[in-house]
Amino acid sequence: MRLLIMGPPGAGKGTQAEMICSEFGITHISTGDLFRLNLAQGTALGQEAKKYMDAGEYVPDSVTNGMVRARLNDADAKAGFLLDGYPRTVAQVAELDGMLGATPLDRVLELTADTEEVVKRLIVRANEQGRSDDTTEVIRRRLELYAEQTAPLTALYKSRGLLVQVDGLGSIAEVTARISDALKS
Ligand code: ADP
């Protein structure tokens, strides 16, 4: 199964992605996690990505596309994967289409959540985890970019008949159950 999970920052994508991947036995591919891993390992790619992530801006496609292409070629992605955080722009959708070739995505899951709720969650996470891009100003910029550049992708995937929308409000278990039902139907 080849899936994509979308939703604004703070909608709970990362948490739900882990649940979906263990339930369906597929590999979680999160671009945010890959950038943070590169940063922790001190790679040039990580250093480059940090400049953008700390400002809440999107990392340039020249960095991001190659990283995703390489990750999709890893052996553990062959049996299926859940993309989380990519594609984020119309241009990245075209790139991904090229990478996937004859075996496109099976479903695109959109986790919906209202802005006030996600801001609250992100501020709590900032206090708990100390992510450097979870400051109020950067959170606002990430939400703005999501609305401008990423939210329009849901209409695009809807027109391909792939979109499944799930309400991201509620407990983690409630949301997981909703996603699981939606993916099995
Ligand atoms: P969130 O979705 O909660 O903002 P992520 O962990 O998915 O957090 O991403 C963190 C940051 O990584 C983004 O703000 C952005 O700077 C960068 N990033 C992740 N995925 C992409 C992508 N597909 N294209 C460009 N930048 C990306």
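Tutor: A search of the whole structure finds 2 cavities of 30 Å³ or more. The model is predicted, so local features need pLDDT of at least 70 and side-chain atom pairs count only at pLDDT 80 or more, while totals for chains, interfaces and linings use all residues. Residues are numbered from 1 along each chain as its sequence is written, and side-chain values use heavy atoms, with hydrogens and water left out.

The terms come next. Rolling a probe the size of a water molecule over the atoms shows where empty space is left. On a 1 Å grid over the protein atoms alone, a cavity is a set of points where a 1.4 Å probe fits but cannot get out; a pocket is an open set with protein on both sides within 12 Å along at least five of seven lines; and lining residues have an atom within 4 Å of a point. Grid points are joined across faces, edges and corners, and a volume is the space filled by probe spheres set on the points.

The largest cavity has a volume of about 70 Å³. Its lining includes L4, I5 and M6, together with K13, G85, R88 and Y146. Strand 1 (2-6) gives the largest share of that lining, 3 residues, and helix 7 also supplies at least two. Helices (H or I, at least four residues) and strands (E, at least two) are DSSP runs, numbered from the N terminus. By class, this lining has 7 nonpolar, 3 polar and 2 charged residues. Here Ala, Val, Leu, Ile, Met, Phe, Trp, Tyr, Cys and Pro count as nonpolar, Asp, Glu, Lys and Arg as charged, and the others, Gly among them, as polar.

The second largest cavity holds about 30 Å³ of space. M19, I20, E23, F24, T176, I179 and S180 line this cavity. Helix 1 gives the most, with 4 residues, and helix 9 supplies at least two.

The largest pocket has a volume of about 1,000 Å³. It is lined by 43 residues, and the closest to its centre are G10, K13, G14, R125 and R131. Helix 6 (115-129) provides the largest share of this lining, 7 residues. Helix 1 (13-24), strand 2 (27-30) and helix 9 (172-184) are among the elements that each supply at least two. The lining divides into 13 nonpolar, 17 polar and 13 charged residues.

The space taken by the ligand is the largest pocket; a molecule sits in a pocket if more than half of its atoms lie within 2 Å of its grid points. Around the ligand are 19 residues, the closest being T31, R36, E57, G85 and R88, where near means that a heavy atom lies within 4 Å. Helix 2 (residues 31-40) gives the largest share of this shell, 4 residues. The shell has 6 nonpolar, 5 polar and 8 charged residues.

A polar side-chain atom of R36 is 2.9 Å from an oxygen atom of the ligand. R88 has a polar side-chain atom 2.8 Å from a ligand nitrogen atom, and an N or O atom in the side chain of Q92 is 3.0 Å from a nitrogen atom of the ligand. The protein covers 96% of the 550 Å² of accessible area that the ligand has on its own, with areas from the Shrake-Rupley method and a 1.4 Å probe; for residues, only the protein chains shown count as cover.

Definitions and conventions. Polar contact = N/O pair within 3.5 Å; in protein donor to acceptor, adjacent residues only side chain to side chain.
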